[in-house]
Every structure is written in structure tokens, then in C-alpha cells.
Amino acid sequence: MDIHALAQSVQLGERRALARAITLVESARADHRAQAAELLELLSLSGRQALRIGLSGTPGVGKSTFIESFGMSLIAQGMRVAVLAVDPSSTRSGGSILGDKTRMDRLSRVPEAFIRPSPSQTHLGGVARRSREAVAVCEAAGFDVVLIETVGVGQSETMVAQMADLFVLLLAPAGGDELQGVKRGIMEMADLILINKADGDLKPAATRTMADYAGALRLLRKRAQDPEDFPKALAVSALEENGLQTAWDEMSALIAWRRKHSFFDRARAEQARFWFEEDVRQALLARLTKVGPLRDTMSDLSDAVARGDMTPALAAKQMQDLLFR
């Protein structure tokens, strides 16, 4: 594969090259990892930046519907939008449905949009392991906004916040009271909470839920990277496309404030540091299962723990002593 030619094609916005580049960075093969590192290095020279928006929420909250309506509204304003949708992988078969394009029928047919579903491959945190690198590829391709849709998550899956400039949490009407809103975890990571499905019979419930969470957010500890009135809760209807422009205006205002006060660049620098350390951790863990002597020792200790001949704590200590003696 000619990596320089691929990088040039990606920067020209060629969709087939973009898809090939993301496939390359998602591959776990050793030769592909080396090529992916070279490709990402070349793409970083473009200096292009997109607004990275992470979107999370529980299953059935309407993430795909919101992304389609929100993406179409951004495109109507002259922007190009990339969607990286992470689909849960089966712990039994390892397979994924990857059906997000089916749900985003209108958005998938617009030339200014690019939708890429990827399997989570049982990676924890709501995103795929290489989602961050796929974001970098989309930025180099000249997209203005990259939307990162997580799998349906709970209160502790906050990994998407480590690769996004804005973290948006979608909630359903009647999804909890004020006490639910002050629970730590995903709630305190959110920059904007959107109560979706504020239409029809659910509109009164959505308004009450928005009020509950607005009150709860005032009780959370103030974050340095937020202006006075953030984070905040809003009610939106992805189905009727109500409140989407207001949500975008709030996102734009928050990003402008963070840029002005240097929080934007500082956050990206910290994210780069985090992912460097994460890659090192993952590489070290991979060696335990791939390198002959280490793999054999690991297997022997695992068998001893399974038989009850050794406690997990003692086995782990022996493995650490072997690795770091």
C-alpha cells in the first residue's frame, strides 16, 4: 500500500480513500499498525481541525435519530459532517450489526456527510479502541464537525470524553429525578445534557426532566473549563427537529469561550497525553498474550488460580515480579 498516496487522497476528501484509511487504522495486524502510524503522522501535517462532539446515552434514547437531524441541520449551514458510530460487539460471537447507516437514511445519502459504523470489539468505555485515530483521519479529510456516537452506555462509560471537544449526553423523558442527576460518573463529564423526544405526549415529561437536571447541574462542583452557565440541560425533539439550532448555538458559544480562555488547546494536549499512555498500556498487555515465555507463564498462573492452588493476588504479584525484576 502506498501510504503517501493514500494520505494525499484522504486530504483531497476522496470517500473511498477515507474508508480505506479508517479500515487501516482499525486493523490489529502488526504490519497494518506500522502503516497506520505512518499514515497518521503524514495526516497530522495538514494541521486541520474539526469540532469533535461525543454523543452518549442509554439504548433507545434516540441517538441515531438525533445525529441524523442534527447533522442535516449543520449541512444546511454549509458544513461537512462525519459520523463515527460505535456498535456493540457480541461477547459470544464477536459480531456486530453495524446498522447505523440504515437508521440515518437521509444523512447517508448526502455527499457532505460521511458515516462510518465500527464494532466496539468488547472494548470498554462506549467507543472502539481506534475511534480516536478514525477521528484524526476525518479531520485531515476536511470535515468541519465529527460526531462520535457511543454504544448505549450507563453511568461509568466516559471514554468518549477523552477524544471529544464537547461531550453531549442524551437522556429520555422521565429518565430520573434530581438525585439521579447529581450522581457522579457520566453526568459530571457532560458539557450539555439534551432531553430528547420532547414532542407529543412526552413533551410535558421532557420539560419536567429538563428542570430536574438543570437543578441537579447547579449542585455539581464547578469545573474550571466552563463559563458561568455551563453545563446546562435543554429539551430537544430530533423527530420534529425542534431545539437543534439552540443546542448548536450553545455548543458554539461554549467552544468559543474555551478557545478564548485557552482551555480548548489545553484539553487537546491532555487528551494526546492520555492516548499515548493508553497505547503503551495496551501494547504491554498484548505482549502478555503474544510473547512465548510470558504467555506460557501467564497461562500456568491462570491455571493455578482456576484450580484454587493460588490466590489471584499472589499470582498477579508473581507475574509483576517476573515483568519488572
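The model is predicted, so local features need pLDDT of at least 70 and side-chain atom pairs count only at pLDDT 80 or more, while totals for chains, interfaces and linings use all residues. Residues are numbered from 1 along each chain as its sequence is written, and side-chain values use heavy atoms, with hydrogens and water left out.

The secondary structure of the chain comprises 14 helices and 7 strands. These elements are DSSP runs numbered from the N terminus (helices: H or I, at least four residues; strands: E, at least two). The chain has 325 residues, of which 45% count as buried. Buried denotes under 20% relative accessible area, exposed over 50%, and partly exposed in between (1.4 Å probe, protein chains only). The accessible surface is about 16,600 Å². Carbon and sulfur atoms supply 54% of that surface. Areas were computed by the Shrake-Rupley method with a 1.4 Å probe; for residues, only the protein chains shown count as cover. Among contacts with a separation of 6 or more, 76% link residues 24 or more positions apart (contact: heavy atoms within 4.5 Å).

Strand 1 is largely enclosed by the rest of the structure, because 7 of its 7 residues are buried. In a regular strand, side chains alternate between the two faces of the sheet. Both faces of strand 1 are covered. Leu51, Ile53, Leu55 and Gly57 are buried on one side. Arg52, Gly54 and Ser56 are buried on the other.

Strand 1 pairs with two strands, strand 4 and strand 5. Pairing requires at least two DSSP bridges between the strands. Strand 4 (residues 145–149) runs parallel to strand 1 and is joined to it by 5 bridges. Within this pairing, Ile53 has Leu147 as its bridge partner. Strand 5 (residues 166–171) also pairs with strand 1 in the parallel sense, over 5 bridges. Here Leu55 stands opposite Val168.

Ser56 lies in strand 1, which spans residues 51–57. Its relative accessible area is 0%, so Ser56 is buried. The Ser56 side chain makes a polar contact of 3.1 Å with that of Thr150. Such a contact is a pair of N or O atoms within 3.5 Å; within protein, one must be able to donate a hydrogen and the other to accept it, and residues adjacent in sequence count only if both atoms are side-chain atoms.

Leu284, in contrast, is exposed, because its relative accessibility is 51%. Leu284 belongs to helix 12 (residues 263–290).
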